[in-house]
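Reader: I have a set of labels to check against their cut-offs. Can you take me through them?

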Amino acid sequence: KPNLRQLGADKRLAIGSAFSTNELNPDDESLFRHELSRITPENELKMTAIRPTRETFDFARADAIADFARRGGLEMRGHALIWNNDRQPGWLATLSEAEMRSAIEEHIERTMGRYEGRIEVWDVINEPVGTVAFGDYMLRDGPFVQRLGPDYIALAFRAARAVAPAAKLVLNETHTERDDRFGRNYRRRLLYIIDRLQDTGVPLDGIGLQGHLQPDKPFDPHGFGAFLDEIARRKLFIEITELDVNDASFPDDIAARDQAVAATYRRFLRTALANPAVRSLSFWQLGDGASWYFAQSVDENPLGQRRPRPLLYDADMRPKLAFDAVADEL
Ligand code: XIL
């Protein structure tokens, strides 16, 4: 089998995957090293992991991933500094407006500062777009927007630039792959945010598009391609940050399921990789057993029928048709 890292390098694409402390075992380490040029800590750098209380910073698990990355010569992506959703540490909701501003600044300072020289690209803001109106913005609800409104976004980017002038600052978003007409206008809502940031001189280097493909929601190659052009026109680079295929609606039969997953990757990559602004491709884990869909399905279905097969390798880390499809498209 070809290795993805080399195939990507030939096209100037960094190839990555999410990785978590559960996987720190020698077999997985060598596979990740062989296939990839970068990794993203799946949960270990999130506020939920490192900020159990307002006073505490616990970097132990993030450090373990950083050490693994260093040992393996892998680049590490910073995911994610500020994620405004309803699953953030409870203490955030108790802060006043002024305290919230300094909490954001302090969090960014300490976290980016700790990994200076080790993490070059940061998701400064994760998933800002949502369904709640704040003036002309449509944003996801959570503690930051509730206290500061849309300003929390600019505040975070400015703080990040102040701490790390050379870092690449990224806004990472989900749901932009599905047809905008049938979705919730995620593309237009995201472009609106980008335009306001750029109008006011807020530092922003790139856009992360997660790529959790949902085949039961329509993917429109033409519209998605035009959306990538819109981002590139704004002089931003693009990273595909969390690619996987939610195969819940696919047939039970494993061969048919694997074919449908592979075809879904193919179709998406053909459009995504056609745009030269796209400079990296990361999967949300490599093996099916580590997929977040797998964890969800075990909760919902302890008997384990219809186990999801969303990734490039099966649960025993054997490459599937999806691997070949991705290798072909690279
Ligand atoms: C997910 C992890 O995979 C899960 O383990 C965790 O329980 C929740 O978060 N968008 C993101 C990622 O930006 O951080 C999410 O990761 C998946 C959706």
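Author: Start with Ala 80, which is found in the loop between β3 (75-78) and β4 (82-83). Helices (H or I, at least four residues) and strands (E, at least two) are DSSP runs, numbered from the N terminus. The peptide bond from His 79 to Ala 80 is cis, with omega near -10°. Most peptide bonds are trans.

Reader: What kind of model is this, and how are residues numbered?

Author: This is a predicted model: local features need pLDDT of at least 70, side-chain atom pairs count only at pLDDT 80 or more, and totals for chains, interfaces and linings use all residues. Residues are numbered from 1 along each chain as its sequence is written.

Reader: Why is His 175 called buried?

Author: A residue is buried if 20 or more other C-beta atoms lie within 10 Å of its own, exposed if 12 or fewer, and partly exposed in between, with C-beta atoms placed from the backbone. His 175 has 21 other C-beta atoms within 10 Å, so it is buried. His 175 lies in the loop between β8 (168-173) and α8 (186-199). Its phi is near 65°, a positive value in a residue other than glycine. Most residues other than glycine have a negative phi.

Reader: Lys 235 also has phi near 65°. Is Lys 235 buried or exposed, and how do you know?

Author: Lys 235 has 11 C-beta neighbours inside 10 Å, so it counts as exposed. Its place is in the loop between α9 (221-233) and β11 (237-245). Lys 235 and Ser 17 are 218 residues apart in sequence and 25 Å apart in space, C-alpha to C-alpha.

Reader: What makes Glu 99 partly exposed?

Author: Its count is 14 other C-beta atoms within 10 Å, so Glu 99 is partly exposed. Glu 99 lies in helix α5 (residues 97-114). Its C-alpha atom is separated by 45 Å from that of His 222, 123 residues apart along the chain.

Reader: Which label does Gly 73 get, and why?

Author: Exposed, because Gly 73 has 8 other C-beta atoms within 10 Å. Gly 73 is found in the loop between α4 (60-72) and β3. Gly 73 and Ser 37 are 36 residues apart in sequence and 7.7 Å apart in space, C-alpha to C-alpha.

Reader: And why is Arg 140 called buried?

Author: Arg 140 has 20 other C-beta atoms within 10 Å, so it is buried. The place of Arg 140 is in the loop between β7 (137-139) and α6 (143-148). Leaving aside neighbours within four places in sequence, Arg 140 is in contact with Asn 84, Asn 85, Glu 127, Pro 128, Val 129 and Gly 130. Two residues are in contact if their C-beta atoms, placed from the backbone, lie within 7 Å.

Reader: How do α5 and α7 cross?

Author: The axes of α5 and helix α7 (residues 151-163) come within 9 Å and cross at roughly 35°. By class, their contact has 9 nonpolar, 1 polar and 3 charged residues. Ala, Val, Leu, Ile, Met, Phe, Trp, Tyr, Cys and Pro count as nonpolar, Asp, Glu, Lys and Arg as charged, and the others, Gly among them, as polar.

Reader: Which residues are around the ligand?

Author: They are Glu 42, Asn 43, Asn 126, Thr 174, Gln 210, Glu 242 and Trp 292. A residue is near a molecule or strand if its C-beta atom, placed from the backbone, lies within 6 Å of it. This shell divides into 1 nonpolar, 4 polar and 2 charged.

Definitions and conventions. Axes fitted to C-alpha atoms, helices over the stretch in contact; angles between N-to-C directions.
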